[in-house]
Amino acid sequence: MSTPVLDIEGALVARALSLDVTDFRRLMDTGKVTVLCERGTGDDSGCYRASFYHAGQRARFVRGRSGQWRPA
């Protein structure tokens with residue numbers, strides 16, 4: 001099984017973390033924003049959850065089978 005590529009719009013995540021997009025991208029590049037991505041199983045097979053962490057904040061998003069990301 002190959003690893004899927006999961007793209008999420010940076011502006012969506014930046015907004016959820018109360019960051020400017022440029023700052024968000026810089027913080028991601030320097031490892032100051034971290035992400036955990038989980039793959040659903042069973043009834044949630046084909047779905048994903050991405051959690052972004054920065055300075056004690058968390059922004060969590062879910063991608064359903066339709067491929068669209070939404071806040072969780």
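## Starting inside the sheet

Glutamate 38 has arginine 49 of S2 as its bridge partner. That pair belongs to the contact between S1 and S2, which run antiparallel and are joined by six bridges. A quick word on provenance: this is a predicted model, where local features need pLDDT of at least 70 and side-chain atom pairs count only at pLDDT 80 or more, while totals for chains, interfaces and linings use all residues. Residues are numbered from 1 along each chain as its sequence is written, and side-chain values use heavy atoms, with hydrogens and water left out.

On the wording used here, strands pair if DSSP finds at least two bridges between them. Helices (H or I, at least four residues) and strands (E, at least two) are DSSP runs, numbered from the N terminus.

## The overall layout

The four strands make an open sheet ordered S1-S2-S3-S4, with antiparallel pairing. Strand S1 (34-39) and strand S4 (69-71) sit at the edges, each pairing on one side only. From one strand to the next the twist averages 25°, with axes being lines fitted to C-alpha atoms and angles running from 0 to 180 degrees between N-to-C directions.

As for dimensions, the C-alpha atoms fill a box of roughly 35 × 20 × 20 Å along the principal axes.

Strand S2 (residues 48-54) and strand S3 (residues 57-63) pair in the antiparallel sense, over seven bridges. S2 is largely enclosed by the rest of the structure, because five of its seven residues are buried; buried means under 20% relative accessible area, exposed over 50%, and partly exposed in between (1.4 Å probe, protein chains only).

The hairpin of S2 and S3 has two residues between the strands, and alanine 55 takes a positive phi near 50° there. Alanine 55 is not a glycine, and it is exposed at a relative accessible area of 68%.

## Serines in the loops

Serine 18 is another non-glycine with a positive phi, this one about 60°. Serine 18 lies in the loop between helix H1 (10-16) and helix H2 (21-29), and it counts as exposed at 64% relative accessibility.

Serine 66 is in the loop between S3 and S4, and it also counts as exposed, with 62% relative accessibility. Serine 66 and glycine 46 are 20 residues apart in sequence, and their C-alpha atoms are 9.2 Å apart in space.

Of the 72 residues in the chain, 26% are buried. Take the contacts (heavy atoms within 4.5 Å) with a separation of 6 or more: residues 24 or more positions apart account for 26% of them. The chain exposes about 5000 Å², and carbon and sulfur atoms supply 47% of that; accessible areas come from the Shrake-Rupley method with a 1.4 Å probe, and for residues only the protein chains shown count as cover.

On charge, the chain carries 11 positive and 8 negative charges, and their mean positions are 3 Å apart. Lys and Arg count as positive and Asp and Glu as negative, leaving out His and the chain ends; each charge is placed at NZ of Lys, CZ of Arg, CG of Asp or CD of Glu.
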